[in-house]
Amino acid sequence: MLALALAALGLSAIFVALGEVWRMAPMFLWLALGVYVLADLFLSPRPKRALAFEPPAEVYVGEEFPLTLEVSNAPVNLRGRWDWPDGIAGPDDFFFVPAEDGVGRAQLGVTALRRGSWSLDQLWLSWISAFGLIQSVRRLPMDHAVRVVPNIRSVQSGEISTKVASNLYGVKENLAVGEGSEFHQLREFVPGMDVKTIDWKRSARARNLIAKELRAERNHHVILALDNGYLMAEEIDGIPKIDHAVTAALATAWAAAIGGDLVGYYSYEVRPRGFFVPEPGRAAFARMRSWTADLDYVTRETNHTLALTELNARCKKRSLIIIFTDFIDTTSAELLIENIGLIAKRHLVVFVAIRDTSVEKLVEHAPEDMDGVAMLVAANQSIAERRLVLERLSRLGVTIIDAKPKAITAKLISTYLEIKARELI
């Protein structure tokens with residue numbers, strides 16, 4: 001359009017310079033140009049203001065979901081741009097593919113990054129007219145929201161239920177001495193059973209050998225403690241640490257519910273934020289899922305002394321306490337180690353630390369310049385101090401789980417099953 005206008009302006013100057021005979025020619029030239037522009041404007045298809053799409057009601061954090069957009073009367077070169085909210089990431093620019101019915105469709109892959117309800121407010125559409133003279137831009141206001149919730153994909157798949165049930169109620173149903181302490185039932189003694197299981201008094205009354213069957217004790221208290229301070233808001237693989245922790249905590253809560261234990265949960269940062277007493281069954285899992293969905297992201301520093309002292313005071317019965325937290329260095333971890341040591345005197349503590357994959361990548365490759373050398377030294381120092389803190393916790397009798405985000409859930413459930421089998425609670 002600008003090139004045509006400049007050309008018309010140049011021709012007009014030439015016609016004016018030629019004299020009075022040619023002075024009327026520019027008027028016809030500009031009139032023809034105006035007709036050409038109007039024809040381009042009216043002959044070009046314009047997308048309708050209604051955008052058809054149906055976002056999912058709920059999406060699991062960290063997962064990608066498809067989003068299909070449809071616009072009627074779409075031009076061939078229709079282009080879209082979305083103002084994505086902070087908790088959702090998608091392509092900045094995309095194109096609509098027109099179909100024979102005149103409907104333009106765009107298939108987008110969108111990733112949920114943070115929990116919460118995220119509003120999809122507006123979409124920008126732009127297209128070039130049929131003759132290429134005009135570029136139009138239109139804003140389409142939206143009124144849709146996507147709710148991003150904690151990821152329970154491992155629970156829905158049945159993988160956890162199968163693993164827990166097979167370990168606790170399959171081959172472990174008839175438990176030998178030393179693998180159980182709770183009385184299960186009496187049965188007739190048969191060859192191959194341990195003679196230590198014979199109940200001699202009942203055998204004398206029945207005039208037949210009667211043996212006791214023992215099984216692992218159930219109804220233990222399992223407390224899931226989530227540190228929600230600013231360090232847990234740091235992103236690993238594009239997702240905050242607290243969301244990785246919530247995913248593992250929910251999976252463990254489901255495993256504990258299947259295992260017959262009572263599940264409670266606790267969150268804290270600068271001060272304790274919520275403590276829910278251990279409850280039996282899957283209802284506790286449902287309440288925990290609802291609670292973690294509304295857990296805020298905060299930028300305050302964690303007060304481990306206040307929070308862990310409060311937790312220790314609330315847990316009257318010996319419990320399995322699983323703590324999801326983080327630290328920077330040995331200095332900042334001093335109070336954390338001291339207070340976890342106090343809890344470990346009464347309870348069985350599992351300390352869950354999520355590795356930062358970006359730091360580990362720094363030490364896997366040789367540096368190319370001096371800046372790279374400085375980053376390598378800092379990364380090695382951070383890893384060494386982290387290892388030192390975990391070793392000190394281990395000497396206090398704390399079970400350590402230090403793994404990458406994708407491996408945390410599997411390691412935590414395996415640790416829980418091992419604790420159940422060995423009756424350490």
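**Pockets of the predicted model**

View 1. Helix H3 (153–156), helix H4 (159–170), helix H6 (241–258) and helix H12 (405–422) each contribute at least two residues to the lining of the largest pocket. Helices are DSSP runs (H or I, at least four residues), numbered from the N terminus. This is a predicted model, in which totals for linings use all residues. Residues are numbered from 1 along each chain as its sequence is written.

**View 2. The centre of the largest pocket.** The largest pocket holds about 560 Å³ of space. Its lining comprises 20 residues, and Ser154, Thr247, Pro405, Lys406 and Thr409 are the closest to its centre. A pocket is an open set of points on a 1 Å grid where a 1.4 Å probe fits, with protein on both sides within 12 Å along at least five of seven lines; lining residues have an atom within 4 Å of a point. The volume is the space filled by probe spheres set on the points.

**View 3. Helix H12 and the lining of the largest pocket.** H12 gives the most to this lining, with 5 residues. By class, the lining has 7 nonpolar, 6 polar and 7 charged residues. Asp, Glu, Lys and Arg count as charged, Ala, Val, Leu, Ile, Met, Phe, Trp, Tyr, Cys and Pro as nonpolar, and the others as polar.

**View 4. The second largest pocket.** This pocket has a volume of about 420 Å³. Among its 18 lining residues, Asp356, Val359, Ser382, Ile383 and Arg386 lie nearest its centre. Helix H10 (357–362) and helix H11 (370–395) each supply at least two lining residues, and H11 gives the most, with 6. The lining has 10 charged, 7 nonpolar and 1 polar residues.

Note on methods: Predicted model: local features only at pLDDT ≥ 70, side-chain atom pairs only at ≥ 80, totals over all residues. Heavy atoms only, no water.
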